[in-house]
Amino acid sequence: MVKITELKRSANESDKEFGRKKVKLSKIKAAPIGHNDPESSEAEWSEPDAGLESNEESSSGEFSEAEDASSGSAAHPEFDLHIKNEKAEPRPQQKSDSKESHAAAKALRRERQSQKPLYDIRESSKEIWGKVREKNTKPVDRKVLLSRLMELIEGKIPDFALKHDTSRILQTCLKYGSKEQIAAIASELKGRYVELSKKTHGRFIVEKILRYWENRNIVIHEMYGHVTKLMRHKIASHVIEACWSYGNSKDRIGLIREFYGPEYQLFDEKKDLDQIISENPAKKESILKSLSEVLASFLNKGTARHSIVHYALFKFFQLGNEKSISDMIPIIQEYLVEILHTWDGARVAMLSLVYATPKERKIILKSFRTFIVKICCEEYGYLVLLRAFDVVDDTILLKNIILKEMTEKSLYTNAVREISQHRIGSRVLMYLFSGRSPFFLNKPTRDLLASTDEIRAKMSKKDPKIRARELLDMVSPELIKYATDHTLEMLDNPFSSKVLSEILLHATKGDKLPILYQIAKEAEQKPYESHIMFTMANHTLKILIHGGHYQPKPKLKDQNEANEENHLSQENPLAEFHFPRLLLASIQDHLLEYATHLTGSFPVLALLETDETKVEVRQILSSHIEKLKGNQHLVGVQLILKELGYEVTLPSKSLEKSEAFNFAPVQFHTCTKHLEFLSLFSFIMDLTNLTQRKEYQGWDS
């Protein structure tokens, strides 16, 4: 009996060892990868021991057949013990309904907010504000709602201005409110504008007041004495920029005078910097020193994009000497890409390129990367690229940074297309081919580019003609290739058609003949409404026929000498291609129809003036003189009849009207009806820009 008991005990101990190893193996197989927590491992692996001990204590010394069968042990079939696989207790169920938990959290938050002051007024005002700001709300209903809203928030506006939700209520009141309501809001905030400017949400209230309030100078005057500090503040600097944008000339003088030194913060003198220096020349050096220190601190704080900084920088470049400007360039060279979009900023960038060393120019141009196409199409930014083409001696650098990006092509965009079809961008491409041509650059722009030619001669070593030739050789193949693939597309756009004519006239590398053949083939079609003889593309046709831009006959004292003087360019770069003959062969069957058309008559006139085709055109038109005289109310037909030797009798009014159109660089008789409107539009746009530039007050408009 004792022997059996000992055998059972030894079997229990061996089975314990076997069971423990088995459980450990199953735990390792089930555990996730990277499970290395020793404490949790000990806790888990200690559970089988406890189960085995309890099983040992509860064993009665006899084993059931079911336990023997389930053990599956081959080592001790007669004494094999079964280890029960006890299941872990189920975890408590998580909250299944997330909506209920969110609702409970929202109710708790609302209960907590209800303990704060002005809670009821805020909730009521937000309810009304939701209706006021809707776009489909009728003006009459909005007026009534605004009156109710103003009654609720009266006396509580300073508190509302600091909250993220209630500040939007005030912004809506300022946007849609009456003059009295705007004045009521502004009066309650009087004396707090400086502090509000530093707040994340209060800043927008101040900007809206500057935009909509008539007495905005009250807000601007509160900023006096705090401008330099606020400009160094990340949030408040936007308010100073708004004060500069909405203020008048006197307000601007008061804002910027603090840049000149501490003494100018104390005295309220409405004098511009030029007046201060003219009255006290001895203070010029101290003012420029203070300006450089203040501007350097502004740039380090990330306020380079503000136009007030651009104006101060331009004043520094305008009044500083060569040494002070050279010292300033390393400070601003990486920020020029952020400031060249304004008129003052563009001139600062242009002067920086002129005075910079080759190493500094390289840094400046590298900062333009990924922005070249955008700069080409900016109203003032394109001038910086024109200046770079004039002063940078390293043409390989220009090619790798500027020209490469200008001619880049991707799956979705084509840089040449985007630039050539833009009113401003097309000037950059034409500048590479024609330089400072009066046919696309107005006189003030040409004078601006020429104003620093003397400094360029000192700072740049390469001859301007050699530099321009190298750039032309670099860009010609890419643009010839684009023009060959997109000839008709370029003719359809008024700006890219000008670029096409400059490419054909001045490109030095590439085959131009396929482009000319495509133009002649397109003209061969039967006349229809959008035929190239009737659209703005006919201006390009006239340039290609003449081999250059039309230039009026010079006014000479000897009339005989004037008659012999050829008004066209003596050198025709397209003479070898004989384009006039190509075009005449294409339109010969419908020449009379084009000659009697409002706009189609001008290319026919160009063919009649060209030596290569004038005999054939004269023979065709001479047999239809009566039909031409029947349409002599058209200016193009009048000029054709004069060229054929026939007199034209018209009422004086129509002649006066044709003579009144001589404002454009190209004379009236070389313009189509569409180009007349286009020239007038461009002239008005340029004139509007010039009225905002004080530097050109002496220009005779």
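A salt bridge here is a side-chain nitrogen of Lys or Arg within 4 Å of a carboxyl oxygen of Asp or Glu. One network in this protein is built that way: Arg387, Asp390, Arg436, Asp453 and Arg456 are linked in a network of salt bridges. By the same rule the count comes to 23 salt bridges.

Before the details, the ground rules. This is a predicted model, in which local features need pLDDT of at least 70 and side-chain atom pairs count only at pLDDT 80 or more, while totals for chains, interfaces and linings use all residues. Residues are numbered from 1 along each chain as its sequence is written, and side-chain values use heavy atoms, with hydrogens and water left out.

Now the overall picture. The protein has 44 helices and 0 strands; helices (H or I, at least four residues) and strands (E, at least two) are DSSP runs, numbered from the N terminus. Of its 701 residues, 44% count as buried. Buried means under 20% relative accessible area, exposed means over 50%, and partly exposed is in between, using a 1.4 Å probe and protein chains only. The accessible surface comes to about 39300 Å², and carbon and sulfur atoms hold 51% of that; the areas come from the Shrake-Rupley method with a 1.4 Å probe, and for residues only the protein chains shown count as cover. A contact means heavy atoms within 4.5 Å. Among contacts between residues at least 6 apart in sequence, 67% join residues at least 24 apart.

In the pair Lys323 and Asp327, the closest N and O atoms are 3.3 Å apart. Both residues lie in helix α20 (residues 322–332), 4 residues apart, about one turn of the helix. Lys323 counts as exposed at 61% relative accessibility, whereas Asp327 is partly exposed at 44%.

The pair Asp473 and Arg469 is also a salt bridge, with its closest N and O atoms 3.8 Å apart. These two sit 4 residues apart in helix α31 (residues 464–485), which puts about one helical turn between them. Asp473 is partly exposed at 22%, and Arg469 is partly exposed at 47%.

Which parts of the chain does the pair Arg417 and Glu489 tie together? Their closest N and O atoms are 2.6 Å apart. Arg417 lies in helix α27 (residues 415–420) and Glu489 in helix α32 (residues 487–492), so the bridge ties together parts that are 72 residues apart in sequence. Arg417 is partly exposed, at 26%, and so is Glu489, at 28%.

Next, the interior. In soluble globular proteins, nonpolar side chains tend to be buried together. A nonpolar core, as used here, is a set of buried Ala, Val, Leu, Ile, Met, Phe, Trp, Tyr and Cys residues joined through side-chain atoms within 4.5 Å. The largest one in this model has 174 residues, and Met223, Phe259, Phe389, Ile402, Met406, Ile519 and Leu628 have the most contacts inside it. Helix α22 (residues 343–355) has 13 residues and reaches 19 Å from its first C-alpha to its last, close to the 18 Å expected at 1.5 Å a residue; the expected span is 1.5 Å times one less than the number of residues. Because 13 of the 13 residues of α22 are buried, this helix is largely enclosed by the rest of the structure.

Helix α33 (residues 494–506) should span 18 Å with its 13 residues, and its end C-alpha atoms are 19 Å apart, which agrees. Here 11 of the 13 residues are buried, so α33 is also largely enclosed by the rest of the structure. Its buried residues include Phe495, Val499, Glu502 and Leu505. At the start of α33, a side-chain oxygen of Asn493 reaches to within 2.9 Å of the backbone nitrogen of Phe495.

Not counting residues up to four places away in sequence, Glu207 touches His238, Val239, Ala242 and Tyr246.

Arg581 lies in helix α37 (residues 579–587) and is partly exposed at 42%. Arg581 and Ala520 are 61 residues apart in sequence and 9.6 Å apart in space, C-alpha to C-alpha.

Technical notes. A polar contact is a pair of N or O atoms within 3.5 Å; within protein, one must be able to donate a hydrogen and the other to accept it, and residues adjacent in sequence count only if both atoms are side-chain atoms.
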